[in-house]
Amino acid sequence: MKLRDIAYAREGDKTDLANVCLYPHDEADWPLLREKITADVVAAKFGPIIKGTVTRYELPNLHGLNFVLTAALAGGNSRSLRVDGTGKSYASLMLDIDI
């Protein structure tokens, strides 16, 4: 199953940081998200796309996981702009994680 089957993501970027937050479609899947989607899992998925660290923050009242990816942008723009005019491919890539 892909992460997108149980969650959706919102993304933002600023300077050299990318910020992706995951939310379950159904609150019942919150424990599964917390267990399976770690900073290490996200870092492995992004591989060489990002040069820095991945930090995970839990937002339990919102049932969200917020990931901050450092050294993730080239020149202040998402590298994904080469293929995605809106620069929001990082959220889509994260939702492609197998769980």
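Start by selecting Lys45 and Asp96: their side chains meet in a salt bridge at 3.3 Å, N to O (a salt bridge is a side-chain nitrogen of Lys or Arg within 4 Å of a carboxyl oxygen of Asp or Glu). This pair ties together distant parts of the chain, with Lys45 in helix H2 (residues 39–46) and Asp96 in the segment after helix H3 (89–94), 51 residues apart. Helices (H or I, at least four residues) and strands (E, at least two) are DSSP runs, numbered from the N terminus.

A quick word on what you're looking at: this is a predicted model, where local features need pLDDT of at least 70, side-chain atom pairs count only at pLDDT 80 or more, and totals for chains, interfaces and linings use all residues. Residues are numbered from 1 along each chain as its sequence is written, and side-chain values use heavy atoms, leaving out hydrogens and water.

Next stop, Glu58. Its side chain meets that of Arg34 in a salt bridge of 2.9 Å, N to O. Here Arg34 sits in helix H1 (residues 30–36) and Glu58 in strand S3 (residues 54–59), 24 residues apart. Then pick Arg56, whose side chain also forms a salt bridge with Glu58, at 2.6 Å, N to O.

How many salt bridges does the structure hold? Six.
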